Structures are given as structure tokens and as C-alpha cells.
Protein chains: 2
Amino acid sequence: MRAGAIQAMERPLEAHNFSGGPGALPAAMLETAREALMEAPGQHLSVLGISHRSDWFREVLDEAEGHIRALLELPDEYHVLLLQGGSTLQFSMVPLALLHGPPHPAQYLHTGYWSGKAIAEARRIGPVEVVWSGEVEGFRRLPAQERLPLDAQAAYFHYVSNETVEGLQFPDVPGREDVLRVADMSSDFLSQALDARRFCLIYAHAQKNLGPSGVVVVIVREDVLARAPDGLPSMLDYRPHAAARSIYNTPPVFAIYVTMLVLRWLREEIGGLEAMEGINRAKAAMLYAAIDESGGFYRGRAAVEARSRMNVVFGLASSALEACFLEEARGEGLFGLEGHRTIGGLRASLYNAVTLDSVEVLCDFMRDFRSRHGRDGA
Amino acid sequence: MRAGAIQAMERPLEAHNFSGGPGALPAAMLETAREALMEAPGQHLSVLGISHRSDWFREVLDEAEGHIRALLELPDEYHVLLLQGGSTLQFSMVPLALLHGPPHPAQYLHTGYWSGKAIAEARRIGPVEVVWSGEVEGFRRLPAQERLPLDAQAAYFHYVSNETVEGLQFPDVPGREDVLRVADMSSDFLSQALDARRFCLIYAHAQKNLGPSGVVVVIVREDVLARAPDGLPSMLDYRPHAAARSIYNTPPVFAIYVTMLVLRWLREEIGGLEAMEGINRAKAAMLYAAIDESGGFYRGRAAVEARSRMNVVFGLASSALEACFLEEARGEGLFGLEGHRTIGGLRASLYNAVTLDSVEVLCDFMRDFRSRHGRDGA
């Protein structure tokens, strides 16, 4: 047994999970999932060993889809799919569906690490025009909508609503209303109110706000399916998935079950997207205040108007001090505060399941840490 | 609450899971997985909310890979990958890697439902020659190796080692030693001894013998990677997955963790592939004996020499009697005995985690059912 495990038994901690993803999940939901590991409700079998063709699992899928439809007030012309391969596979599936031989390129915004990945994959499929890039500035701000050279003839327009690595989030929906709008909402889907009807396609992997890794939600309008070319690998074609209502092949049963539980929690315990947005705004406001009031001890990375409510990215004066911060934080039960491996620094992710209490504990720790390590501390 | 759930509380059953997949998992492993839902060992966080970039998860992946390497005595020239998308995505990834513009087609055997799916997907990518098909006979037997018109110039040779739907399993490895051999082993991987060095690529989704749905094991030799063309969607290219050692994008953390636990069980509790094969042979022998001794009451579907040890497919004189069998079986705690929805009938899947005791209970039930419903019963 390793030292960490021994320490854990000697001194149980109340853990607070600020991981960038897979992230925190609601505690009550974990207990239900635990019971289902022994027996899916009324099924005599573990949720891990139950057929994906069972009536029980069809009901799980239907409930998950129903919650998403209700939360977003989705019209019938949208399909709700639960697929594998994460958002990374969507980076390819979107252009495979929409970028086959049109004369006009797709227009993409390059606002951070993840939109960069989406652009690279789309370019393997067809012509892509990057209409704005924050790369030379190190992705610290977002473009002003009125200055974007948006083309009414574009095959489609793609953006990432929240850049998880750099901590940038669009306060409004960019793009033209007369062009197909596609968004990667992996890290802020269902964290706030949303008019989904302004999009032809939204995708979001589960492991930020919705559930465990291994499943991605795709909301796709009927006219996108009608545009898809024939001859695609079936798994990369939205049509067979839509026709089979997310059971084209064996789906990730447990990940979908947990996602359904989280959606049920969001709708029934939290009360929907407006309520969730209110909580998320309060959490982010509290943490950014702790940064802004620190007199430069904590340094927010993003321009204030582009700050993400989901991923608060900040730093300290030196990487040595950041390492000290992380170690002390872990000792207090505050986990997952490392910045993304590509840029370092610190990051607190405040996904739906992170409670206001956890953010308070973090802010208290930050004030205490500053009092002990800041030049003007205490 | 539905009637089924009430009944379950009134009369708890010892459940026996004969599902075709997702299938049974070892009971002790479920308890460990349950604990990890609350806290991954020594990590303070739920396995569902822990970073896939954590040292802990890297150790989980390394252990899973290590067990597979040890069980199969795999040389270093093979990569062991744990991917998403199931075997269905492999139906496309294999030809994308190996069927790009060669003058000679790939040769496929069409031995049942799943090889038919593999063939249809490969044909979307490149030229495919079906060198044998059991379709007109309703997939009741397998080809004799010496009669197959195998081409030394074939791009590769593909077969499905066990046809889950029809209950057919190759007793030997077909194909030429001088042609790249690819096998879909989804439903019998690690159920028996195997000389993996005779294959350039083996794939197997987890939900039969290895774990829950949502993860597929791919064993791929280095020279396959070297042949892959550039420009593939990254998620469909084995090379980035191999370079990132199965963490190219966020993997299905929980499904991989459970798979690792099952692999540990197979190696440490069961004692490896020879021991597992011995148990599986005993289970299948017992059940086929119950069928063969029934005087035609139970009717095996496959030719005797092609019988699967994993999926015992059989029927009764009428579908009404089969429905009665299934209902009575469920009442005795025997679940998942429906045949595949495409062919109906009955099927008992005897994956690694199904115990000899469970098969005994099934055989006892079958004898009893026959004594009550057979013309010459009792």
C-alpha cells in the first residue's frame, strides 16, 4: 500500500473536486449509481451486465433525452443523440456531414486550445477559413461579434462556447442567423440558459457538467442529416445513430445511466437551467472576487469581459509558489487545481456539481494562503 | 413503481446472467468498483470525477495493458490500445489503415451477423472479396480451412472468431500465415489460449468477457501503423492513439478501470488463459450435453463441429414454447436467455464471468422444464 493510501485512512478529508474534467458529480447521484452497480432498479442484474436492448435501458435513454428536450425546450426537428468518441470525434463528424464539396469554406473561430483541435480536424475533411484567432495574444480574449468577417455563404460557422484550457467563455452567441451555426459546448452545456434553436448542431461531452467520460451529447437538426453525404463510415454518420435512437451499436450503458441521473438531478433538484445559471454565476463571482481583491497576488488569465464561469484560470508570481499552492490545497482537500498541462498555472473548474460551499472553502484557503505567502499578506 | 420492482422486493432472487452482452461480470469485482465510485483507491475522489491525466489513471491503464501483455505473452512490437466506439468503429478503422489503394482486395469470411456488418463497412472504404459465406445456409456451419480460396496477395484477411448471434466459433485459426491476419474477437477474446503473434490486429469490445460496454481493446502490430495513410480523422487513425498510449482524448475512465479489475481477476484469481479455457470448456460441455440428451426437445442451431463455447444458441418446437421457457426462466433467476432479436429463439451466453454453478442451475431448470412440457417428459 502506498503512502497516500495510508494517509487517507489516517486523516479522512472532505474532498472538493475542481478538476477540469472528468469533473465533480452530484454526491446523491453517486449513491444511486453505486446501488445500480449491484442491481439496476428492479432488474436483478448489475447495470454493467444488462442488455442495451432491454426495456429498462430504453427507458433510461428516453428519460435522458426527455430531460435534455425539456431543459432546452427543444422542438421536434432536433435529434438528441448520446454517442461515443467524445468531442474529438465530433471535430471530424461535423465536417464529414456538412463540408463535403461545397464551394464555400466553413468558418471557424480560433479562440483557444480546443477550437484549434477542431480546426485541425476539419481541415483534414474540407476547406476551413479561420475568421479570427487569438493565438498571437495567447488566447486571453474573445472577438467582438461586430468585427468578424462572417460570410453568408459559409458552409457553416463553428465556435467553442467555453475554452476549458484558457478559461474563456462567450457571453453571447456569435455568428450569423442565416448561416448554419455549430457549437462545441463541451464545457458549458446545460450550465446556463440557452436558446438551442439558434444552432443546427451542438455537441458536448459528458465529463464536465453531465456525467462521466465515455459519452457525448449531440443535438442535431433534421436538415443537417438531410445534407450528409452517402458512403460515410456508419459510426461517423449521424443518420444511423438518429434512426436507431442512440443504439446503433452497443452504447456505453453505465455512462449513459449516470448521465441520465445527473440530468434528472439538474431538472428536479436544481430546477432547470435558469436556476443552475444563477448558482454558477454566484460561484464564479465569488472566486473572481477573491482573485481581484488579492492585490495582484492571484492573477486572472483572461480579459475580464471574456472570463469563463466554468474554468477560472489564474496564476501566482512563480511556478514554485504555484506548486506550493497546489500541495497545500491538496492537504486541505482541494483537488484538481492544476492548470492544463499545455499552459501550466492554476485552474479551478466550477462545473454544475461543484457546490457554492466548495467554492467558499477554496476562497477561504486562497485568502489564508495569501496571508502566509503574500508580500503584503495578513 | 412497476409490478416487476415490487415482486423483486418480495422475493429476492439469486440472479444468473446469460445475456449476450453486455454480459456477466465477476461479483467480487463489482464490489471493488462500487467502492471506487465513492473514492478511487487513495485518491479522495470518485473514479467518475478523477482526471484521466492523473498518475492514478495512468497506473490503471498500465496495469490493464500489462495484464493483456502477460496473458497473451505479447512481444513489444504490438501496441495494446483501449479505445471507444466498440467493434463497430473497428469495422471502419481496419480498412482505413490497411485498404487504401492496394491493387488486391481484402479477403473476408462471412460467417454470421457480425462478419456481415464488418464486410459492409469495409466495402465503404475499399475493395473486399468475400471468400466464403454461410448466408444461404442460415449461418449454421463454418468453412473448412483447406477449401478457402485464400490469396497470398490479399491486402489482409479478416474473420470473426466467434459469431455471437448464431453461436459459431472457429476451433482453429483460419487464414494464411503469409497474409496480414485481422480478427474480430469481441465475443471470445481472453476466453481461451491464443497465439496472438499469428495476427497483425485483434480487436474485441469489452462487454462480453472483459468489462462493461464503452471500451474496445485493440492489439495492433507496429507494421500496421507504418502502413496507415496520412490525412485520416485522428480518432480513426491508430497512430495518435498508440503515440498517446490510449489517452489521445479523454478515455472512458470508469469502463477502463472495471476492465482492468476484470483482467486482474482473470490473471490472479482464475490463473490465466489455459485455466479460463478449461472452465469455459466444462461450462459449454455441460450445456450442450443437456441439449443433446433432450431427445430433440432442445435443438442446437450450429453444426456440432462449429459450436461456440461462448454463445449456446438453441430453440424449442415453437416460439410459444420458447416464450414460456423465457418467462419461467426469469422466475427462477435465469436472465438474458432470449436469442438475438434478428433470429429469435434462445441463447445462453457463457462468458468468462458466468460460473459453472450458474450453468448447472440452467441445466437443472432445462431438465425440469422439459419434464413438464416435453411430450415424453419426466
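## Interface between chain B and chain A

In this predicted model, chain B and chain A bury about 5,000 Å² between them, and carbon and sulfur atoms give 60% of that area. On the side of chain B, the residues that lose the most area to chain A are B:R34, B:H44 and B:L48, which together account for 13% of what that side buries. The contact itself joins 61 residues of chain B to 59 residues of chain A.

The polar part of this interface comprises 16 residue pairs in polar contact, counted with both residues at pLDDT 80 or more, while the number of salt bridges found across it is 0. Among the elements of chain B that each supply at least two residues to the side touching chain A are helix 1 (3-10), helix 3 (55-72), helix 4 (86-98) and helix 8 (253-270), but the largest share, 7 residues, comes from helix 2 of chain B. Sorted by class, this side of chain B holds 28 nonpolar, 23 polar and 10 charged residues.

The same surface serves both copies, since 97% of the contact residues of chain B recur in chain A.

## Domains within chain A

The domain assignment divides chain A into domain 1, made of 14-22 + 272-377, and domain 2, which covers 29-270. The contact between these domains takes 30 residues from domain 1 of chain A and 32 residues from domain 2 of chain A, and their C-alpha centres lie 27 Å apart.

Between them the two domains of chain A bury about 2,500 Å², 55% of it on carbon and sulfur atoms; A:L273, A:R301 and A:N352 supply 26% of the area that domain 1 buries against domain 2, more than any other three residues. On the side of domain 1 that touches domain 2, helix 9 (273-292) and strand 12 (311-315) of chain A are the elements that give two or more residues, and helix 9 of chain A gives the most, with 7 residues. The residues of that side divide into 13 nonpolar, 9 polar and 8 charged.

How values were computed: Residues numbered from 1 in each chain as written. Chains lettered and ligands numbered in written order. Predicted model: local features only at pLDDT ≥ 70, side-chain atom pairs only at ≥ 80, totals over all residues. Heavy atoms only, no water. Domains from an automatic or database assignment. Contact = heavy atoms within 4.5 Å. Buried area = accessible area lost by both parts, 1.4 Å probe. Helix = DSSP H or I, 4+ residues; strand = E, 2+ residues; numbered from the N terminus. Nonpolar A, V, L, I, M, F, W, Y, C, P; charged D, E, K, R; others polar. Salt bridge = Lys/Arg side-chain N within 4 Å of Asp/Glu carboxyl O. Polar contact = N/O pair within 3.5 Å; in protein donor to acceptor, adjacent residues only side chain to side chain.
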